[in-house]
Amino acid sequence: MWVLLAIAVVVVGFALRINSMLVVTAAGIVAGLIGGLSPVKILDAFGNGFAGSRSVTVFIVTLPVIGLIERYGLQHQARKLISKLKVLTTGRLLALYMVIRQGTAAVGLTSIGGYAQAVRPLIHPMAAGAAERRYGKLPEKMQEKIKGFAASSDTVGVFFGEDIFVAVGSILLITGFVDTTYGLKLEAIDIAVWAIPTAICALLIHGTRLWLLDRQLDKLAAEADLEAEEAAR
């Protein structure tokens with residue numbers, strides 16, 4: 001039970017907006033000390049986890065590739081493409097992306113999409129381009145809202161979609177923890193099946209928020225115009 005204090009460390013750290021790597025590291029140390037591990041064993045666990053994860057060094061390849069394609073105009077081409085598709089508003093585009101992201105994650109394709117691979121170089125510029133086509137130059141408040149919703153469409157999609165896939169790490173972690181701690185025999189397929197209603201609810205709730213995003217942008221654009229008129233006076 002006391003090990004759950006590590007979760008409190010994560011919650012408090014994120015609430016205070018402390019660096020996420022420091023928060024997760026501190027939570028791991030807290031969990032290890034409460035669990036009775038010595039400092040050496042905790043350090044050994046961190047080292048083995050780092051060395052055993054192939055995804056740790058993916059950024060070494062991903063970041064230069066993203067930088068190159070942005071340098072040669074990927075964002076410009078994305079904005080140009082979306083300007084021709086007038087039926088796709090900002091909200092509709094992000095809702096469509098979330099549906100695709102959740103669907104691919106549900107069949108185990110969690111690497112399709114992501115912040116570095118898709119949101120930053122492609123999805124966000126397209127969403128911003130759709131807004132610029134409709135409102136012209138975007139105020140900072142609108143830009144930040146579009147950034148937030150672009151990121152959330154990816155997060156919600158993959159988070160609630162991947163649990164439907166039986167071989168994902170989170171399901172295996174749950175079954176392993178329950179089986180070893182409580183002596184039960186929990187099947188991964190059972191968790192995956194019960195994740196479907198949650199995924200559907202997440203899709204409907206956040207999909208509706210994305211669908212209504214255009215109305216929020218209309219309101220922000222009206223407020224920006226009003227502020228500009230008052231400043232001109």
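Hi everyone, let's start with the largest nonpolar core: of its 24 residues, Leu 94, Met 142, Ile 146, Leu 210 and Leu 217 touch the most other members. A nonpolar core here is a set of buried Ala, Val, Leu, Ile, Met, Phe, Trp, Tyr and Cys residues joined through side-chain atoms within 4.5 Å, with buried meaning under 20% relative accessible area (1.4 Å probe, protein chains only).

At least two residues of this core come from each of helix 6 (90-106), helix 7 (115-135), helix 8 (140-161), helix 10 (188-211) and helix 11 (213-232). Helices are DSSP runs (H or I, at least four residues), numbered from the N terminus. Helix 7 gives the most, 6 residues.

A word on the source: this is a predicted model, where local features need pLDDT of at least 70 and side-chain atom pairs count only at pLDDT 80 or more, while totals for chains, interfaces and linings use all residues. Residues are numbered from 1 along each chain as its sequence is written, and side-chain values use heavy atoms, leaving out hydrogens and water.

Now, how do helix 6 and helix 8 pack? Their angle is about 25°, and their axes are 7 Å apart; the axes are lines fitted to C-alpha atoms over the stretch in contact, with angles from 0 to 180 degrees between N-to-C directions. So helix 6 is roughly parallel to helix 8, a label for angles under 35 degrees.

Who meets whom? On helix 6, Leu 94 and Tyr 97 are among the residues in contact (heavy atoms within 4.5 Å) with helix 8, whose contact residues include Ile 146 and Phe 149. By class, this contact has 11 nonpolar, 5 polar and 2 charged residues.

Definitions and conventions:
Buried < 20%, exposed > 50% of the residue type's maximum accessible area, 1.4 Å probe, protein only. Parallel < 35°, antiparallel > 145°, perpendicular 65-115°, else oblique. Nonpolar A, V, L, I, M, F, W, Y, C, P; charged D, E, K, R; others polar.
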